[in-house]
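Colleague: I'd like a close look at the side-chain pairings here, meaning charges with charges, rings with rings and charges with rings. Please take me through them slowly, with the cut-offs.

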Amino acid sequence: MLQAFRLKTRRNKAGWHRLMAVCLALLFMLSPAGYVHAERKNVRVGYSSSGSMLYRNDEGDYRGYDVIYLYEIAKYTNWDFTFVPYDKWNEAVRDLELGKLDLLPTVLKTPAREKTLLFPLHPMASTNVALVAPKNDTKYTYGDISGFQNAVIGVRENTVDTSAFIKWAASRGLNYQMKVYPDRGPLIQALDQGEVDLIATSYSGSVQQYPVVAEFSPQPMYFAVAPGRTDLVAEMDAAVNQSMLYDPSFNDRLMTLANPYRSANRLRFSQEEQEYIDQTPALRVTMMRDGAPFSYEEDGVMKGALPQLLQNISQSTGLSFSIVPVDTLEEAVDAVRTGRADIVGRIAVDPYYVRELGLRATTPYYQEKTMQIARIGREIQKAGIMPGAREQLLQNDTVPQDLDYEIYESISECLNALEKGDVDAVFCDMATATYFGNVLHRREFQLNIIDSSTYGLAFGLDRDADPRLGRILDRTLQEIVPLKMPQLLQNTYEHAPISAANIFDRLSALQLTGIFLLLLLALLFFGYASFNLWRKRGMEFRVAEVEQSRRQASMQLDIERHANKARKGFYQYLDSSLAQPLKQIMKKSLDHDGLSPDSEYHEFYQLASRIQEFMLDVRMLNQIEGSKPSLNWETLACREFIEGLCHTVSEAAERKGVTFATDFSGIGDEMIIGERRSISIIIMRVLSYLMNYTPSGGTLLFSGSISQAYAGRSVLMLNVQAPSVQISDELLRHVHQILESAQSEDASIYDSFSDGDWGSLEERKMLLRVAILQNVISELGGDWSIQQLGSRGTLIGIELYFDLA
């Protein structure tokens with residue numbers, strides 16, 4: 001479905017062209033073209049021929065961080081790219097200003113550049129300027145300015161990072177000899193060959209393979225856009241916004257994919273910090289026994305994301321850790337105050353709360369949106385929270401300010417109170433909510449994101465702890481958390497302990513009903529099969545007695561082989577599925593003239609055919625309900641498309657002797673933006689169902705029209721009338737029950753399957769088809785109804801909402 005998204009914009013002081021770019025971005029996102037089809041454009045992208053964020057591999061293919069980012073944008077803009085290499089970076093900037101290029105990646109935005117170039121709203125990455133030493137260097141110590149005195153330092157010609165280095169060096173009183181190189185490739189080569197002692201450059205791309213000894217001037221990097229190309233800025237802003245909405249984890253994956261060696265080389269400690277690491281015994285860290293997914297105790301072993309994170313910190317720093325299990329946050333803080341532990345393993349990042357406890361919080365190891373877990377259908381008056389969360393919630397406009405908060409000392413106590421009904425909702429971090437709501441499949445609760453509130457978790461150190469420990473942990477967490485924490489949490493989700501109750505909780509009402517029905521049908525089917533085999537066995541035995549006694553033993557063996565084959569098929573059915581055995585049974589029936597009413601296999605073939613139809617409907621409904629297919633919207637000639645579907649139905653009607661009449665006078669030459677597969681399923685299922693139950697000599701009427709609906713949208717109204725088809729009041733009641741369930745927030749369309757009287761096999765088949773139809777129509781965006789018109793038969797009306805192309 002086409003959706004509109006609202007963006008908050010602000011006035012741009014750089015000039016009228018930036019304001020125009022923002023307005024174009026808004027119009028682009030709010031228009032159908034921004035979502036469905038954008039004009040194909042070829043965009044010229046410059047890059048450094050010696051760089052590593054955009055480069056060509058040995059096969060001539062373009063690779064790197066910038067390429068992946070551009071391909072993500074192209075998903076929403078329909079851009080093609082021509083990549084243009086440059087040996088000198090300042091020449092690439094000059095050609096961009098002259099309009100010889102359209103885009104240039106990894107550009108630092110400055111007031112001077114904003115006067116000659118355009119910049120999108122969102123940066124493509126962030127970096128800082130760093131002093132970088134040769135690989136395997138042991139001469140320089142991190143942060144030791146005195147050790148850098150009189151060093152030969154290489155820089156790039158006419159770049160922002162060079163200007164930043166010169167200012168930083170002057171502020172630190174650093175004396176040095178500077179060598180200038182045209183681009184990053186020659187600069188890194190000079191470092192490798194020993195022409196310079198250090199280089200000053202943005203710490204990104206392949207430079208991250210080298211150890212850093214000083215860092216300064218953090219700043220974002222952008223795709224700079226040629227002047228006058230406000231269209232590219234607008235499309236890029238819209239694309240990045242859509243990517244953030246539909247794939248919020250893209251940037252994390254991009255960092256992992258494009259910078260696999262980042263944290264391995266960036267961490268370098270000062271001499272004082274290294275002395276602390278070498279001399280400090282194992283640090284004792286408190287962990288909640290029941291604080292999944294971050295920590296939980298299983299069989300006497302502490303598991304979860306935090307124990308794994310400590311292992312990563314240990315590998316990166318040389319620090320060692322031991323775990324002190326606790327049940328509450330109060331117990332954890334007391335352990336640090338009394339010397340039984342050195343670090344609180346989990347504390348909310350709230351400056352007021354941390355200060356009150358006399359602690360010092362590290363850089364967060366987890367920070368995402370605050371989540372609300374609420375019991376469905378219950379008014380929220382009382383909420384459970386962990387210590388340190390209340391201050392943020394009180395300052396949040398989206399959370400009712402008159403809520404009664406109950407503070408719990410552990411997340412398990414908080415969630416247990418929610419399950420027992422002591423509180424109506426719980427506010428917590430997103431990882432805990434995900435674990436509770438999705439991994440454990442608590443279907444009686446709903447999860448809501450509090451957009452304007454973040455929930456951070458960090459380690460807590462005693463305020464009087466050695467400051468070197470805080471610096472070591474801060475820098476280590478800064479580097480390894482973005483790359484490691486998502487995977488650590490995913491590992492915890494995958495290995496979460498699941499009980500038998502959770503397994504059933506994972507199954508939907510439809511799946512449970514489908515399993516029960518398939519088992520029931522299997523018992524009926526094989527009971528009937530066993531009866532037929534028994535009857536055939538008796539007949540063959542009597543024929544064998546009348547004929548020759550010498551053939552009796554041979555025929556008995558044949559009978560045994562048939563019985564063994566049937567038993568083998570039974571167990572294979574239980575081990576695999578019903579589909580293959582049904583095909584085999586139907587084939588065997590056809591081999592014995594099962595289509596003929598006079599054949600003893602005729603009834604057997606009919607039952608197998610009905611079971612197969614029923615099973616296919618169950619399977620299709622499971623597929624639709626289990627994973628919603630993506631909708632592929634395209635431009636369709638409405639009348640021509642519907643008439644094409646009717647052609648197939650007309651042929652079937654002619655074979656059956658049914659008069660199939662159509663009237664599409666209410667549809668002109670309109671072109672709609674529709675989903676071909678879904679519309680085909682809806683029309684063909686309705687027509688084939690009514691055609692199946694219309695007797696020879698009967699009539700089937702199909703008409704359609706298009707009219708204006710609302711907000712510029714159009715409605716396609718389809719009516720199918722079968723005068724000869726009558727539906728019982730009981731069956732119609734079941735159909736209406738399914739439709740009412742689909743519109744209810746407290747029930748699903750499948751509840752009626754388990755609560756209702758199933759009736760005959762034909763009625764069950766129809767109800768399954770109604771459920772399929774309801775799923776497809778609601779996903780496409782529309783409504784439908786079924787009516788019994790007395791002597792005028794059955795009428796099915798369908799309304800589908802579309803945009804005109």
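**Side chains that pair up**

Modeller: Start with E72 and K75: they are 3 residues apart in helix α2 (residues 65-77), so about one helical turn separates them. (Helices are DSSP runs of H or I with at least four residues, strands are runs of E with at least two, and both are numbered from the N terminus.) Before going on, keep in mind that this is a predicted model, where local features need pLDDT of at least 70 and side-chain atom pairs count only at pLDDT 80 or more, while totals for chains, interfaces and linings use all residues. Residues are numbered from 1 along each chain as its sequence is written, and side-chain values use heavy atoms, leaving out hydrogens and water.

Back to our pair. Side chains of opposite charge can pair when their charged atoms come close. E72 and K75 do form a salt bridge, with 3.2 Å between the closest N and O atoms. The term asks for a side-chain nitrogen of Lys or Arg within 4 Å of a carboxyl oxygen of Asp or Glu, and by that rule the count comes to 27 salt bridges. (Buried means under 20% relative accessible area, exposed over 50%, and partly exposed in between, using a 1.4 Å probe and protein chains only.)

Next, take D102 and R229, whose side chains meet in a salt bridge at 3.1 Å, N to O. This one links distant parts of the chain: D102 is in the loop between α3 (89-97) and β5 (103-108), and R229 is in the loop between β10 (212-225) and α7 (230-246), 127 residues apart. D102 is buried, at 3% relative accessibility, while R229 is partly exposed at 26%.

Now for the rings. The structure holds 19 aromatic pairs. One of them is Y47 with Y62, an edge-to-face pair with 6.0 Å from centre to centre and 85 degrees between the planes. Y47 lies in strand β1 (residues 41-48) and Y62 in strand β3 (residues 62-63), so the pair ties together parts 15 residues apart in sequence. Both Y47 and Y62 are buried. W79 and F81 are edge-to-face as well, because their ring centres are 6.3 Å apart and their planes meet at 80 degrees. (Rings of Phe, Tyr and Trp, using its six-membered ring, pair if their centres lie within 6.5 Å; planes under 30 degrees apart are stacked, over 60 edge-to-face, and the rest tilted.) W79 is buried at 4% relative accessible area, and F81 is buried at 16%. Put together, ring pairs join Y47, Y62, Y71, W79, F81 and F83 into a cluster.

Finally, charges over rings. The charged end of R475 sits over the ring of Y142, 3.8 Å from its centre, and K135 lies over the face of Y210, 5.0 Å from the ring centre. (The rule wants NZ of Lys or CZ of Arg within 6 Å of the ring centre and within 35 degrees of the ring normal.)
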